Amino acid sequence: MKRPTEGPAKSSHALTARVCAIVVALLAAASAAWAHHSFGAEYDVNQPIEITGVLTKVEWTNPHCHIYVDVKGGDGKLVSWQLEGYPPTALQRIGWRRDMTMKIGDTITVSGWRARDGGNWGHSREVTLPGGEKLMFGPPAGTGDGGGTPAVDVR
């Protein structure tokens, strides 16, 4: 007995599966691009900060790494700060080494810009390590000027 061919029905299902996979991939890429933000949307170039405190956590994540620092406020109470920086690959290219460059418990100084909402978070630019070495941790304010400002300091 001759079996019917499954050609047209099978290829139709394969095409539908491919189209669905492409749509899902495009939606994922679009949501990641939509979620990314400009400097000016979250941070205020007119509110520079320089904080010194104890490193409590480091998140080596894309699209931005984050460091968390406990800073003693004017009233003596600890204030926890969250600071955003470059992605892990950029940090590695400029000399950062995960779990080696700085460690939880280190006292560091971070310069950058405060968030527009005035909260205890900001965009970091430079970190001064316990031994005095200074490393860039984030781009300059206003990066996104069409390439007029280098994303990384060239030495």
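Colleague: What share of the contacts in the chain with a separation of 6 or more comes from residues 24 or more positions apart?

Modeller: Residues 24 or more positions apart account for 53% of the contacts with a separation of 6 or more, where contact means heavy atoms within 4.5 Å. This is a predicted model, in which local features need pLDDT of at least 70 and side-chain atom pairs count only at pLDDT 80 or more, while totals for chains, interfaces and linings use all residues. Residues are numbered from 1 along each chain as its sequence is written, and side-chain values use heavy atoms, with hydrogens and water left out.

Colleague: How do you know where confidence is lowest and where it is highest?

Modeller: We read it from pLDDT, the predictor's confidence in each residue, from 0 to 100. The mean for the chain is 80, and 71% of the residues reach 70 or more. Helix α1 (residues 7-35) is lowest at a mean of 58, whereas β2 is highest at 97. Over residues 27-35 the pLDDT is below 50, and this stretch has zero contacts in the model beyond near neighbours in sequence. Residues 143-151 also stay under 50, and for them the model has five contacts beyond four places in sequence.

Colleague: Why is Ser124 called buried?

Modeller: Buried means under 20% relative accessible area, exposed over 50%, and partly exposed in between, with a 1.4 Å probe and protein chains only. Ser124 has a relative accessible area of 0%, so it counts as buried.

Colleague: What makes the pair formed by Ser124 and Glu84 a polar contact?

Modeller: A polar contact is a pair of N or O atoms within 3.5 Å; within protein, one must be able to donate a hydrogen and the other to accept it, and residues adjacent in sequence count only if both atoms are side-chain atoms. A polar atom of the Ser124 side chain lies 2.6 Å from the backbone oxygen of Glu84.

Colleague: Is Thr101 buried or exposed, and how do you know?

Modeller: Thr101 has 18% relative accessibility, and therefore it counts as buried. It is found in the loop between α3 and β4, where a polar atom of its side chain lies 2.6 Å from the backbone nitrogen of Arg97.

Colleague: Why is Asp99 called exposed?

Modeller: Asp99 has a relative accessible area of 56%, so it is classed as exposed. Asp99 is also found in the loop between α3 and β4, and its phi is near 60 degrees, a positive value in a residue other than glycine.

Colleague: How do you know which strands β4 pairs with?

Modeller: Two strands pair if DSSP finds at least two bridges between them. β1 and β4 pair in the antiparallel sense over eight bridges, and six bridges join β4 to β5, which run antiparallel. Seven of the nine residues of β4 are buried.

Colleague: What makes a set of residues a nonpolar core, and which residues have the most contacts inside the largest one?

Modeller: A nonpolar core is a set of buried Ala, Val, Leu, Ile, Met, Phe, Trp, Tyr and Cys residues joined through side-chain atoms within 4.5 Å. The largest has 22 residues, and those with the most contacts inside it are Ile67, Trp96, Met102 and Val127. Elements that each supply at least two residues of this core include β1 (43-59), α3 (88-93) and β4 (107-115). Ile67 touches, among others, Leu55, Trp81, Met102 and Val127, not counting residues up to four places away in sequence.

Key: Helix = DSSP H or I, 4+ residues; strand = E, 2+ residues; numbered from the N terminus.
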